[in-house]
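Let's take a walk through this model together, with the sequence and the 3D view side by side.

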Amino acid sequence: MEIDEQILNRAKKWLEGNFDDETKKQVQDLIDNDATGLTDAFYRDLEFGTGGLRGIMGVGTNRMNKYTVGMATQGLANYLHQSYPREKELRIAIAYDSRNNSKFFAKTAADVLSANHIRVFLFEELRPTPVLSFAVRELHCHSGIVITASHNPKEYNGYKVYWKDGGQLVSPHDTNVITEVQQIATVDDVKWRGDRALINLIGNDIDTAYIERVKALTLSPDDIERQKKMKIVYTPIHGTGITLVPRCLKEFGFENVSIVEAQAVPDGNFPTVISPNPEEPNAMSLALQQAKAIDADLVLATDPDADRVGVAVKDPHGNFILLNGNQTASVLIYYLITKWKENGKIKGKEYIVKTIVTSELLKDIALKNGVDCYDVLTGFKYIAETIHSHEGSKTFIGGGEESYGYLVGDFVRDKDAVIACCMIAEAAAWAADRGNSFFELLVEMYTEFGLYKEKLKSVTMKGKSGAEEIHAMMVGYRTNPPKEIAGQAVVEIRDYLTQKIHHLKEDTFEKINQPKSDVIQFFLKDGSKITIRPSGTEPKIKFYFGVKAPLEGKEAFDKVNLELDLKVDQIISALNI
């Protein structure tokens, strides 16, 4: 393969610049022996997006390494100084997960920030992402960083930035930080020499404060006491969850937590799984084996940075089934609101938050019980932004998204699998104390509100032609939207790019008060919802389907569930995807 001259010149700058000898050696090796690898490493700069950095680790401008992390951190430091010109001391917290090089990247960021006269609070050991969010507010920081690539394969790492409210960057800070990062032209623009006097190591104090706040969330301590021997299998999938999930479950009162020892040791190579993603059945296979062996009641699995949790429970036949994110979110919200109502805590100013691609069942549960429900764009940062906007005026109960992220309480401003594990286990104990399994609790909820069924279908279209085809599909849905889908009339179209809701029967329009986003939704007469959005991180267009039907009794579950599967298939066929 012939090397593009522009790419070769970019690589040669790393041979000539202020880079360490090992880096130069690896770059030279790519030039001499690996044209494809060189192209991938240098054909562009690793993009600093609205969530930060994420990429494969290695040398090059398009890789996660000391230099791309340092340049991103210098841009952030510059923006912090611009944002707080009169602040006597700028403060930032940094955490990292179990991935390879995470600790090194965290220390690199700490050095650059301290060299820019910013006080750094650096976790001395790996910790879950939500604990970083908590620490930002607890330590009165102006910003925060966590080094993680979430559930990506082992080759990846990432760099997420938080603002002083403990949530990930939102407008205008996201685009402003990106602008500053883009201004850092070379590694010579970075202040590398850290000031040790400005770097404070975080020990157990934050853990203690966090755990106390988590414990205070409990709504059913008596039920837990009666069900404390409930069998729970937990796996951190080689990630940070091992540091706090077992401890918090014990603090809640659960005495029979069985840890998957083969996955208990933090390891950035994730040796027992193909991908450390609790959405993937393979990632939970060892936990399910252990659950079957001990006849467990509940299986919990957290991803490497412990912000998302996968759940498995037994069906009526005694077989373990994996719940999807919509099901777990729905049960969690159902439990929370039911208990808040029982405890007399619903006063008319309470609310939940979900993303627009998450099940409408959450909204139905909330509204039936006098609780408001806010819909936000995909991404937990928008849930955090909503919590921040209502601070002091309304009370946040909980929130969630279909991609396995949930939050209870407002002292963390990101999805939190530590909290979620505890509250899901509590919901299971509450159900057990009433003579129900977790699955029976789910079906009981469906008999009250209707059986909701969701499915995601992703269509991959790679390369420039693929991107153009995806764009053309979105233009087509906007300029020539379907009037009916699978025999059901389209009654409402929500376009988040034009920020308009079109009520077709009345032919009236309503404004959407959300940031612009390339997302379109079709609502059908029978209550079905279809959401279409290009992926922001992959060459894919995603179709989210939500259908529902009444469930007259538990015995009808299998029949209605199958009917809804067929309805989703009919919609997919009608859309020709």
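The count of aromatic pairs comes to 20, where rings of Phe, Tyr and Trp (its six-membered ring) pair if their centres lie within 6.5 Å, and planes under 30 degrees apart count as stacked, over 60 as edge-to-face and the rest as tilted. Take Trp14 and Tyr67: their ring centres are 5.8 Å apart and their planes stand at 75°, so this pair is edge-to-face. Trp14 belongs to helix α1 and Tyr67 to helix α4, so the pair ties together parts 53 residues apart in sequence. Helices (H or I, at least four residues) and strands (E, at least two) are DSSP runs, numbered from the N terminus.

This is a predicted model, in which local features need pLDDT of at least 70 and side-chain atom pairs count only at pLDDT 80 or more, while totals for chains, interfaces and linings use all residues. Residues are numbered from 1 along each chain as its sequence is written, and side-chain values use heavy atoms, leaving out hydrogens and water.

Tyr67 is buried at 5% relative accessibility, buried meaning under 20% relative accessible area, exposed over 50%, and partly exposed in between (1.4 Å probe, protein chains only). Tyr67 also pairs with Phe19: the ring centres are 4.7 Å apart and the planes at 70°, so this pair is edge-to-face. Here the partners are 48 residues apart, with Phe19 in the loop between α1 and α2 (21-33) and Tyr67 in helix α4. Phe19, at 11%, is buried, and Trp14 is buried at 8%.

Now for the second largest pocket, with about 630 Å³ of space. Of its 23 lining residues, the closest to the centre are Asp45, Thr61, Met71, Ile184 and Ala185. A pocket is an open set of points on a 1 Å grid over the protein atoms alone, where a 1.4 Å probe fits, with protein on both sides within 12 Å along at least five of seven lines; lining residues have an atom within 4 Å of a point. Helices α1 (5-16), α4 (66-83) and α7 (173-182) each supply at least two residues of this lining.

Finally, turn to Thr302 in strand β9 (residues 298-302). Thr302 counts as buried, at 0% relative accessibility. Its C-alpha is 6.6 Å from that of Thr235, although 67 residues separate them in sequence.

Methods
Points joined across faces, edges and corners; volume = space filled by probe spheres on them.
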